[in-house]
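Here is a walk through one protein model. We take a helix pair, then the salt bridges, then a surface patch.

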Amino acid sequence: MEGVNVAVIVCCIIAIVISLVITFTRGANVGYIAFPLAFLIGGIGMGTSANAVIAYFPVSLFLQIVIMTIFFGYAIENGSLQLIANHVVYWFRKVPALLPVALFAIAFLICAIGCAPQAIGAALAAIAFGAHKKTGLNYYVCVAAACWGGMTGGFCPGSGLFYTIINGLLIRIGGLEPAAAASMCTKIFWTQVIAQIISLGIVYIYFKAYKGGTSSNFEKPEAMTKTQKTTTIIVMVCVLVSILVPVLKAMGIPVFATLNNYITMVSMCTVGMALCSILHLADDRKVIKERVPWNMLIMIAGMTALVSVMTSAGLTPWIAHIFDNSGIPTIILPLLICLLAGVVSIFSDAVSVVIPLFIPICIAISSVTGVSLTLLIASALVGTFTTGKSPLSTGGAMLVMFAPEEEHQHWFNFTLGYSLILLVILSVVTFLAGLIPIW
């Protein structure tokens, strides 16, 4: 095939497998392994200079994540968000059957405004475990509801962390125009909302959480401190401004059309970040060290560099050629993509490994088969984040971590098995969704 360096693509695939094996067996950050392999394969296989490989580093995406997680890190570090969550759970104490729904909604809203799902998930998982102990509701339902809500909120258009990452990768790796990428991410958000509500509904009904439990063991949470009130006000103002400006622009008010070029969620986070630091609302060093997902950022950067080498070697036309000659019915492609992404996600990080790998694959398949690119990427992400709840992932690991030590093995086996069951169910859902002409 003209313009395709098959040897380099195969070497990159082998490099990804090697990176994942080393990560899984040695606990190393996959980004550390992927970076030198990108330099090696790009240089030897394609004559790509070191500076050119460095240029694959996703600087814009990196900075967006750092800025957003630092800003919301102040609210996590000084306990503002956790206290708000505790109060909301307390409000629902008289209707314990609705506590899983409340935990899902709390996590969704907090992560929808820009908090890292991993960071808030840990705090809410602890609250969910407390709700389980106080009400007798099933442990899996309570903790999974908090984790799934945060993950879904992370896809919220404009401010969600996952939205920011995927939108950036669609533009950088996929070559999409910003407007097209934003439109696609909005549709993906709604598929995640539906998929995760289905997931929660299945476990909610299966474990009979609708029967509720006791409501006598709840104590009223303490009142907010002055620091926490100040932090909450700053967060609310920054979020509201970033939301209202685009709305007012859409209403045709000229001044807001100009402001919309400068006011975004990220730019408002820089303002909020500065105010939090000036007012000493939390220890700056602890926020930077503990609340920014540095490991995830390094993984994203390393894998993006390696996948970019593979893409520049002609990954898209190569996969298109394979599918063009495979004879696979196009109608089952969403189901296959969902299953494949889900299986890969069990053993690797969803955001930093699976997504950068599957976005160019979906683009290639769409170009040759005519299947909607939005449908394929949405299917891949449904599979990715379904098994992202396995015990080998952050969300599933938190569920196991908060369980009593003697139950760790039980919950490890349970969450792994249940993730696979949900993957099969949601793969069928993506197949049926693909039959609806809305893509």
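Start with α6 and α8, which are roughly parallel to each other (angles under 35 degrees count as roughly parallel, over 145 as roughly antiparallel, 65 to 115 as roughly perpendicular and the rest as oblique). This is a predicted model: local features need pLDDT of at least 70, side-chain atom pairs count only at pLDDT 80 or more, and totals for chains, interfaces and linings use all residues. Residues are numbered from 1 along each chain as its sequence is written, and side-chain values use heavy atoms, with hydrogens and water left out.

Two packed helices are described by the angle between their axes and the distance between the axes. Helix α6 covers residues 99–112 and helix α8 residues 139–153; they pack at about 25°, with axes 7 Å apart. Helices here are DSSP runs (H or I, at least four residues; strands are E, at least two), numbered from the N terminus. Axes are lines fitted to C-alpha atoms, for helices over the stretch in contact, and angles run from 0 to 180 degrees between N-to-C directions.

Now the charged side chains. The structure holds three salt bridges (a side-chain nitrogen of Lys or Arg within 4 Å of a carboxyl oxygen of Asp or Glu). One joins K286 to E77, at 3.3 Å from N to O. This pair links distant parts of the chain: K286 lies in helix α14 (residues 284–291), E77 in helix α4 (residues 59–77), 209 residues apart.

How exposed are the partners? E77 is buried because its relative accessible area is 19%, and buried means under 20%, exposed over 50%, partly exposed in between (1.4 Å probe, protein chains only). K286, at 35%, counts as partly exposed.

E77 also meets R291, at 2.9 Å from N to O. R291 sits in helix α14, 214 residues from E77 in helix α4. R291 is partly exposed, at 22%. Another salt bridge pairs D283 with R285, at 3.8 Å from N to O. D283 is partly exposed at 33%, whereas R285 is exposed at 67%. Shared partners join E77, K286 and R291 into one network.

Finish at the surface. I243, V247, M251, I253, V255 and L259 form a nonpolar patch with about 500 Å² of accessible area together. Patch residues have over 30% relative accessible area and no salt bridge; like charges are joined within 9 Å, nonpolar side chains (Val, Leu, Ile, Met, Phe, Trp, Tyr) within 5 Å. Areas come from the Shrake-Rupley method with a 1.4 Å probe; for residues, only the protein chains shown count as cover. α11 (226–250) and α12 (254–259) each supply at least two patch residues. M251 lies in the loop between α11 and α12 and is exposed, at 59%.
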